[in-house]
Amino acid sequence: MERWRFHIIAAPDGSPAAIRMYLRVGDDESAWPRLQINVDGTEVPVDDQPVDYEAPEWKAIQIVKEAGSSEARWEELKEKLRAQVAS
């Protein structure tokens, strides 16, 4: 069973600005595959911005869809993290 973590990063006005996605593999959190996207689904470098809250996947998907992205893009990002584990 896959385990995921979705951290929401807020803009200065408190609205969601970015999401950090983690595929939780193994016990070493620093080794988990991760990526970061703007809420529109555009991948950006993982930074050290503070996390506003951890969201369930359905909420993270809702945020990106409201910003104009799609579930297909969401699945593409998850596949990218899965590929890091397979290699």
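Helices (H or I, at least four residues) and strands (E, at least two) are DSSP runs here, numbered from the N terminus. With that in hand, the protein chain has two helices and five strands. From the N terminus on, the order is β-β-β-β-β-α-α.

Two housekeeping points. This is a predicted model: local features need pLDDT of at least 70, side-chain atom pairs count only at pLDDT 80 or more, and totals for chains, interfaces and linings use all residues. Residues are numbered from 1 along each chain as its sequence is written, and side-chain values use heavy atoms, with hydrogens and water left out.

Now the overall build. The radius of gyration of the protein chain is 12 Å, close to the 12 Å from the globule rule for 87 residues, so the chain is as compact as a globular protein of that length. That radius is taken over C-alpha atoms, and the rule is 2.2 Å times the number of residues to the power 0.38. Along its principal axes, the C-alpha trace spans about 35 × 25 × 20 Å. Of the 87 residues, 33% count as buried. Buried means under 20% relative accessible area, exposed over 50%, partly exposed in between (1.4 Å probe, protein chains only).

On to salt bridges. The cut-off is a side-chain nitrogen of Lys or Arg within 4 Å of a carboxyl oxygen of Asp or Glu. A search of the whole structure finds 10.

First up, Arg5 and Glu29. Their closest N and O atoms are 3.1 Å apart. Arg5 sits in strand β1 (residues 4–10), and Glu29 in the loop between β2 (16–23) and β3 (34–38). They are 24 residues apart, so this pair links distant parts of the chain. Arg5 is buried, at a relative accessible area of 15%. Glu29 is partly exposed, at 39%.

Next, Lys80 and Glu43. The N to O distance in this salt bridge is 2.8 Å. Lys80 is in helix α2 (residues 71–86) and Glu43 in strand β4 (residues 43–44), so the pair ties together parts 37 residues apart in sequence. Both ends are partly exposed: Lys80 at 40%, Glu43 at 34%.

Then Arg82 and Glu79. Their side chains meet at 2.7 Å, N to O. What separates them along the helix? About one helical turn, because they are three residues apart in helix α2. Glu79 is partly exposed, with a relative accessible area of 45%. This pair also belongs to a network: salt bridges link Glu2, Glu75, Glu79 and Arg82.
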